Structure formats: structure tokens, C-alpha cells
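Have a look at the structure first, then read on.

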Amino acid sequence: MKASKKSAVLVIDVQKSFLAKAYWREDEVPAFADKLATLIAGAKAKNVPIVRIFHVDPVGEFSLASGLVTPM
């Protein structure tokens with residue numbers, strides 16, 4: 001992957017908030033997490049910026065006060 005000045009990796013809604021939801025299934029995550037980690041490591045190695053975008057609500061697991069709006 002050749003990076004240009006216009007390249008970035010966007011990581012959207014990959015946050016710990018989901019761990020607190022009833023529909024969360026840990027067994028479905030390892031393949032995704034491994035591929036995401038590989039992508040991020042490759043981008044960092046090439047000095048490509050990583051931009052993380054988090055879903056935030058005023059209350060609940062997705063609130064900033066929950067402490068869960070952090071990278072997974």
C-alpha cells in the first residue's frame with residue numbers, strides 16, 4: 001500500500017461501548033479484531049494517519065461518562 005498525503009484509515013464505531021450491549025458476542029470478534037489490528041499496524045508502519053470515529057449518546061454505554069467510548 002503506497003501512502004499519499006491524502007491517505008488515512010477510518011475506524012468507525014469500534015469502541016468498548018459495544019461490550020456492554022446484550023447483543024455482543026465475543027465469539028464473532030476475533031477474526032475482525034485480527035484483521036483490524038493488521039490494517040492499523042500496516043498503516044502506522046507507513047505513517048498513514050488513523051482516524052477513529054466514535055458513536056456518542058448523552059446517556060448509557062455510549063455516553064462519555066460511561067468510560068466505554070474508547071478504542072476496542
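## A glutamine tucked inside

Glutamine 15 is buried, at a relative accessible area of 0% (buried means under 20%, exposed over 50% and partly exposed in between, using a 1.4 Å probe and protein chains only). You'll find glutamine 15 in the loop between strand S1 (9-12) and helix H1 (30-45); helices (H or I, at least four residues) and strands (E, at least two) are DSSP runs, numbered from the N terminus. The side chain of glutamine 15 reaches over to the backbone oxygen of histidine 55, at 2.9 Å. That falls under polar contacts: pairs of N or O atoms within 3.5 Å, where, within protein, one must be able to donate a hydrogen and the other to accept it, and residues adjacent in sequence count only if both atoms are side-chain atoms.

Which residues is glutamine 15 in contact with, leaving aside neighbours within four places in sequence? They are Phe54, His55, Phe62, Leu68, Val69, Thr70, Pro71 and Met72, with contact meaning heavy atoms within 4.5 Å.

## Where the numbers come from

This is a predicted model, with residues numbered from 1 along each chain as its sequence is written. Local features need pLDDT of at least 70 and side-chain atom pairs pLDDT 80 or more, while totals for chains, interfaces and linings use all residues, and side-chain values use heavy atoms, leaving out hydrogens and water.

## Strands, helix and core

S1 and S2 (50-53) run parallel and are joined by 4 bridges; strands pair if DSSP finds at least two bridges between them. One spot to look at is leucine 10, whose bridge partner in S2 is valine 51. Together, S1, H1 and S2 make a right-handed β-α-β unit. Right-handed here means that, with the strands pointing away from the viewer, the path from the first strand over the helix to the second runs clockwise.

The largest nonpolar core has 7 residues: Val9, Val11, Val14, Leu36, Ile40, Ala43 and Val48. A nonpolar core is a set of buried Ala, Val, Leu, Ile, Met, Phe, Trp, Tyr and Cys residues joined through side-chain atoms within 4.5 Å. S1 and H1 each supply at least two residues of this core, and H1 gives the most, with 3 residues.

Most residues other than glycine have a negative phi. Aspartate 13, though not a glycine, has a positive phi of about 60°. Aspartate 13 sits in the loop between S1 and H1 and counts as partly exposed, at 29% relative accessibility.

Asparagine 47 also has a positive phi, near 60°. Asparagine 47 belongs to the loop between H1 and S2, and is exposed, with a relative accessible area of 71%.

## An aromatic pair and a buried serine

There is 1 aromatic pair, counting rings of Phe, Tyr and Trp (its six-membered ring) with centres within 6.5 Å; planes under 30 degrees apart are stacked, over 60 edge-to-face and the rest tilted. Phenylalanine 18 and phenylalanine 62 make it up, edge-to-face, at 5.0 Å centre to centre and 80° between the planes. The pair links distant parts of the chain, 44 residues apart: phenylalanine 18 in the loop between S1 and H1, phenylalanine 62 in the segment after S2. Phenylalanine 62 is buried, at 8% relative accessibility.

Serine 63 is also in the segment after S2. At 6% relative accessibility, serine 63 is buried, and, not counting residues up to four places away in sequence, serine 63 touches Asp57, Pro58 and Val69.
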